[in-house]
Amino acid sequence: GIVRIGREATMATVGELEGDEYIEIITQKVDQKYKEKLPVSFGPLTDKVVEQLRTLNKAIFPVRYNDKFYTDVQASGDYTQLAYYSTDILVGAICCRLEPRPEGGSKLYIMTIGVLAPYRCCGVGTNMLETVLTLAEADAAVHEVYLHVQTSNSDALNFYKRFGFEVGEKILNYYKRIEPPDCFVLSKAYSRA
């Protein structure tokens with residue numbers, strides 16, 4: 001069968017050769033077909049749409065987020081953005097949390113960024129990230145933006161590197177219910193005078 005992993009497909013066949021079992025693995029590049037750029041509008045997280053965000057996150061992510069998650073993202077103000085297609089169809093969200101720094105100012109933690117499957121590869125995630133990074137760069141109090149990425153998620157690692165994020169520390173057993181459980185911390189620093 002063919003197993004899709006990011007932009008590569010791997011075809012594995014199992015058979016026998018002179019009584020010995022063997023696995024032949026053929027790796028081939030698969031061109032990713034990008035759809036047209038999707039016109040989306042952004043909106044803030046308000047009390048009225050928190051339940052929509054909960055439903056969206058359940059559809060996108062393999063984990064369930066607790067009430068504190070939603071309290072934190074609501075407190076982040078404009079740093080949490082919801083992406084709407086055709087003005088009222090919620091297709092994605094970027095959820096952030098502002099954290100104080102001991103030396104003053106703050107850092108912005110991107111907790112989640114996700115887009116419903118039918119709307120992926122249409123620039124929605126890119127637009128959400130660009131919006132948040134533009135806000136962070138303009139905010140003199142924000143010195144750094146950071147996030148965690150699963151070590152096996154090379155597509156996400158490459159995505160964030162395109163925006164100037166650097167791969168930092170590797171944290172073992174960061175995730176509780178997914179494999180592999182390890183992550184990298186990616187960060188983007190702003191030099192503030």
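User: What covers the buried residues of α2 in this model?

Analyst: Contact here means heavy atoms within 4.5 Å, and buried means under 20% relative accessible area, exposed over 50%, and partly exposed in between, with a 1.4 Å probe and protein chains only. In this predicted model, the cover over the buried residues of α2 includes α1 (50-60), β6 (89-100) and β7 (106-115). Helices (H or I, at least four residues) and strands (E, at least two) are DSSP runs, numbered from the N terminus. Residues are numbered from 1 along each chain as its sequence is written, and side-chain values use heavy atoms, with hydrogens and water left out. As the model is predicted, local features need pLDDT of at least 70 and side-chain atom pairs count only at pLDDT 80 or more, while totals for chains, interfaces and linings use all residues.

User: Which residues of α2 are buried, and why do they line one face of the helix?

Analyst: Helix α2 spans residues 67-75, and Phe69, Tyr70, Asp72 and Val73 are its buried residues. They line one face because, in a view down the axis of α2, they fall within an arc of 160°; the arc is that of the directions from the helix axis to the C-beta atoms. Asp67, Lys68 and Ala75 are exposed on the other side of α2.

User: Which polar contacts does the side chain of Arg54 make?

Analyst: A polar contact is a pair of N or O atoms within 3.5 Å; within protein, one must be able to donate a hydrogen and the other to accept it, and residues adjacent in sequence count only if both atoms are side-chain atoms. Arg54 is located in helix α1. Its side chain is joined to that of Glu51 by a polar contact of 3.2 Å, and to that of Asp67 by one of 2.8 Å. Leaving aside residues up to four places away in sequence, Arg54 touches Tyr65, Asp67 and Tyr70.

User: How is a pair of aromatic rings described, and how many aromatic pairs are counted?

Analyst: The description rests on the distance of the centres and the angle of the planes. Rings of Phe, Tyr and Trp (its six-membered ring) pair if their centres lie within 6.5 Å; planes under 30 degrees apart count as stacked, over 60 as edge-to-face and the rest as tilted. The count is 9 aromatic pairs. One of them, Tyr65 with Phe69, is stacked, at 4.3 Å centre to centre and 25° between the planes. Tyr65 is partly exposed, with a relative accessible area of 25%, whereas Phe69 is buried, at 7%. Ring pairs link Phe61, Tyr65, Phe69 and Tyr70 into a cluster.

User: Which residues touch the most other members of the largest nonpolar core?

Analyst: In soluble globular proteins, nonpolar side chains tend to be buried together. A nonpolar core is a set of buried Ala, Val, Leu, Ile, Met, Phe, Trp, Tyr and Cys residues joined through side-chain atoms within 4.5 Å. The largest has 31 residues, and Leu129, Val145, Tyr160 and Phe165 touch the most other members. Helix α3 (124-138) is among the elements that give two or more residues to this core, and α3 gives the most, with 6 residues. Another core, of 19 residues, lies apart from it and includes Tyr84, Cys95, Tyr109 and Met111.
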